[in-house]
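Let's take a walk through this structure, starting with its overall layout and ending at the ligand. Keep the model open as you read.

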Amino acid sequence: MPDGLGGPLSEPVFQRLALIGMGLIGSSLALVCRRKGLAREIIASDISPAVRVTVAKLALADQVAETAAAAVAGADLVILCAPVGAMGTIAQEISPYLEPGAILSDVGSVKASIVKAITPHLPASVHFVPAHPVAGTEQSGPEAGFSTLFLNRWSILTPPEGTDPKAVARLAAFWTGAGANVEIMQAAHHDLVLAITSHVPHLIAYNIVGTAADVEEVTRSEVIKFSAGGFRDFTRIAASDPTMWRDVFLNNKEAVLEMLGRFNEDLSALQRMIRNGDGDGLFELFTRTRAIRRGIIEQGQETAAPDFGRRAGET
Ligand code: NAP
């Protein structure tokens, strides 16, 4: 059955794409690039020798470079797909080797701190167009990638003021070719939106799974046995990559703390409703939240199948 990604474009958007960091996002980009013919040639690099071996074994790229500096030479598009905390160091390493006129982008989940870390290293002749594909899974590494990861998901571009609109349009064409919808916003606004839609939900999942593991009156085996009561869905999110999420919270501190403040206030209000037996208040909130899920399904960002589309009996 066709997966909706479609066949290759008539012309590649870029000649030579360099991907730095070949985990879930880097390998998915390589796969979709190949399938859709988004770049004539793909050069991949990763700090980890084991990852470079896997990338070569899986033939994810035309060439695997030993260093990021070697990978970017001659590339008209460079995308940094490493953890947020590594972006500044990589930018420093590659800056002398970037081609004049090349577009430098990234896929980091946080934007303002990446702009701050990368900008001081940028040669004037390079166009910097940060991006964040709002798509992912709890898996990591080069074997976790798949070509339809970005299909019908959003890719948010946060070009700093004064960025050449032609460079932004070319990167937008690349993401559209990968199946994504493109939105452009300011980095600080991105960080605030993602704090509430992604970062705080991850923190809540990490917290609830941690709490359940610590509760002494309930045994660990009972937590696992009865997990289909809701806990199981939090464990999927709480299984996300520790390096990536540590970096997200360290680099989006203000926005996360701001949203967490609001979350705590609303949680206290809920606590009061339960204590006061305010059934109407609880019912009104749960009705509103149900409508939000319906909206997400209507926009094609989630399946309407019961239990997230898990087949009966599947764990
Ligand atoms: P991943 O699967 O863990 O892959 C990251 C890769 O980058 C690893 O192979 C890592 O090697 C490598 N790396 C680390 N430091 C490096 C450096 N200095 N130079 C070159 N490679 C380096 O992570 P991912 O999920 O693909 O995430 C990558 C980026 O995408 C992150 O910035 C993240 O915020 C963003 N993102 C992730 C998701 C998601 O859901 N996963 C969604 C959207 C955006 P080691 O393993 O040896 O450290």
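Predicted model: local features only at pLDDT ≥ 70, side-chain atom pairs only at ≥ 80, totals over all residues.

Where the two touch, domain 1 puts in 18 residues and domain 2 puts in 17 residues.

How much area do domain 1 and domain 2 bury between them? It comes to about 1,400 Å², with 59% of it on carbon and sulfur atoms. There's a polar side to the story as well: 10 residue pairs are in polar contact between domain 1 and domain 2, counting pairs with both residues at pLDDT 80 or more.

Now look at the domain 1 face of this contact. Helix 5 (112–118), strand 7 (131–134) and strand 8 (154–157) each provide at least two residues of the side that touches domain 2. Sorted by type, the residues on that side of domain 1 come out as eight nonpolar, seven polar and three charged.

**Salt bridges**

On to charge pairing. Side chains of opposite charge can pair when their charged atoms come close. Across the interface of domain 1 and domain 2, one salt bridge turns up. To see a pairing of this kind, zoom in on Arg236 and Glu138, whose side chains meet in a salt bridge at 3.2 Å, N to O.

In total, the count comes to 12 salt bridges. Another one of them to look up joins the side chains of Glu11 and Arg40, with N to O at 3.8 Å. Glu11 belongs to the segment before strand 1 (14–20) while Arg40 is in strand 2 (residues 39–45), so this pair ties together parts that are 29 residues apart in sequence.

**Around the ligand**

Last stop: the ligand. Which residues come closest to the ligand? Of the 27 residues that surround the ligand, the closest are Ile25, Asp46, Ala82, Ser109 and Gly141.

Notes: Residues numbered from 1 in each chain as written. Heavy atoms only, no water. Contact = heavy atoms within 4.5 Å. Buried area = accessible area lost by both parts, 1.4 Å probe. Salt bridge = Lys/Arg side-chain N within 4 Å of Asp/Glu carboxyl O. Polar contact = N/O pair within 3.5 Å; in protein donor to acceptor, adjacent residues only side chain to side chain. Helix = DSSP H or I, 4+ residues; strand = E, 2+ residues; numbered from the N terminus. Nonpolar A, V, L, I, M, F, W, Y, C, P; charged D, E, K, R; others polar. Near = heavy atom within 4 Å.
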